[in-house]
Amino acid sequence: MTSLDFEVRSEKEVFIALVSSINKEKKEMYEIALGGWGNTGSAISECPGTDLSGFCDITIRNGAMIESVLSGYDSYERFWITFHNNTVAVGRHGNSIPFMAATYPSLMEINYVGVFTGYGSDGYWKFHSFCK
C-alpha cells in the first residue's frame with residue numbers, strides 16, 4: 001500500500017496511523033493529525049517502536065497555514081495521503097500539491113492503517129481507496 005483516499009467529518013482531532021506491524025511489543029508508525037490542537041493545526045509524526053502510550057516525534061507541524069482543516073459535523077472533508085519515496089505527504093482531494101509532507105532517510109514499510117479521533121471528538125469516515 002502506498003496511498004489512501006478518504007473523507008472525514010469531525011470538528012477536531014482526527015488521527016491516521018500508518019503502521020508497519022501489529023506486533024504488540026513494538027509499534028512502528030507514522031501518525032498524521034488533522035485538525036489537532038482544537039482544529040488549529042495538523043502534523044506528521046514519526047513513532048519508532050512506540051507502545052502507543054508514549055509520545056511520537058513531530059516531524060512537521062503546520063499550524064498557521066493549515067488552521068481549521070475540518071469543517072465540523074455538517075460536511076465531509078476529503079484528503080489523500082501518500083507514503084513512498086521516503087516521504088509521507090497529505091493533501092486535499094482535487095489538489096495534487098500536498099499541504100504538508102515529511103521526508104525521512106528511510107521510510108518504514110506500511111502494512112496497516114488505523115483511524116481514530118481524540119479528545120472529545122467524534123469522527124465519521126468514508127474510504128475511497130487503499131492503493132499499492
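A residue counts as buried when its relative accessible area is under 20%, as exposed when that area is over 50%, and as partly exposed in between. Glu 77, at 15% relative accessibility, therefore counts as buried. The model is predicted, and the points below apply to that model.

**Overall make-up**
- Read from the N terminus, the order of elements is β-β-β-α-β-β-β-β-β-β-β.
- Of the 132 residues in the protein, 42% are buried.
- Taking contacts between residues at least 6 apart in sequence, 59% join residues at least 24 apart.

**Strand 2**
- Strand 2 covers residues 14-19, and six of its six residues are buried.
- In a regular strand, side chains alternate between the two faces of the sheet.
- Val 14, Ile 16 and Leu 18 point one way from strand 2, while Phe 15, Ala 17 and Val 19 point the other way.
- Residues on both sides of strand 2 are buried.
- Strand 2 pairs with strand 9 (residues 112-117) in the antiparallel sense, over six bridges.
- Within that pairing, Leu 18 has Val 113 of strand 9 as its bridge partner.

**Nonpolar core**
- In soluble globular proteins, nonpolar side chains tend to be buried together.
- The largest nonpolar core here contains 24 residues.
- Leu 18, Ile 32, Leu 34, Ile 81 and Val 88 have the most contacts inside this core.
- Two or more residues of the core come from each of strand 1 (3-10), strand 2, strand 3 (27-35), strand 6 (72-84), strand 7 (87-92) and strand 8 (100-103).
- Beyond its neighbours within four places in sequence, Leu 34 is in contact with a set of residues that includes Phe 6, Val 14, Ile 16, Val 69, Leu 70, Phe 79, Val 90, Phe 99 and Met 100.
- The contacts of Leu 34 also include Glu 13, Gly 41 and Ser 42.
- Met 100 lies in strand 8, and Met 100 is buried because its relative accessible area is 2%.
- Met 100 and Val 90 are 10 residues apart along the chain, and their C-alpha atoms are separated by 5.5 Å.

**Surface patch**
- Val 115, Phe 127 and Phe 130 form a nonpolar patch on the surface, and together they have about 250 Å² of accessible area.
- Val 115 belongs to strand 9 and has a relative accessibility of 33%, so Val 115 counts as partly exposed.

**Salt bridges**
- Side chains of opposite charge can pair when their charged atoms come close.
- The whole structure holds two salt bridges.
- One of them joins the side chains of Arg 78 and Asp 5, at 2.5 Å from N to O.
- This pair links distant parts of the chain, with Arg 78 in strand 6 and Asp 5 in strand 1, 73 residues apart.
- Arg 78 is partly exposed because its relative accessibility is 25%, whereas Asp 5 is buried, with a relative accessible area of 14%.
- A salt bridge also joins Glu 77 and Arg 92, whose closest N and O atoms are 3.0 Å apart.
- Here too the pair links distant parts of the chain: Glu 77 is in strand 6 and Arg 92 in strand 7, 15 residues apart.
- Glu 77 is buried, while Arg 92, at 30% relative accessibility, counts as partly exposed.

How values were computed. Residues are numbered from 1 along each chain as its sequence is written. This is a predicted model: local features need pLDDT of at least 70, side-chain atom pairs count only at pLDDT 80 or more; totals for chains, interfaces and linings use all residues. Side-chain values use heavy atoms; hydrogens and water are left out. Buried means under 20% relative accessible area, exposed over 50%, partly exposed in between (1.4 Å probe, protein chains only). Helices (H or I, at least four residues) and strands (E, at least two) are DSSP runs, numbered from the N terminus. Two strands pair if DSSP finds at least two bridges between them. A nonpolar core is a set of buried Ala, Val, Leu, Ile, Met, Phe, Trp, Tyr and Cys residues joined through side-chain atoms within 4.5 Å. Contact means heavy atoms within 4.5 Å. Patches are made of residues with over 30% relative accessible area and no salt bridge: like charges are joined within 9 Å, nonpolar side chains (Val, Leu, Ile, Met, Phe, Trp, Tyr) within 5 Å. Accessible areas come from the Shrake-Rupley method with a 1.4 Å probe; for residues, only the protein chains shown count as cover. A salt bridge is a side-chain nitrogen of Lys or Arg within 4 Å of a carboxyl oxygen of Asp or Glu.
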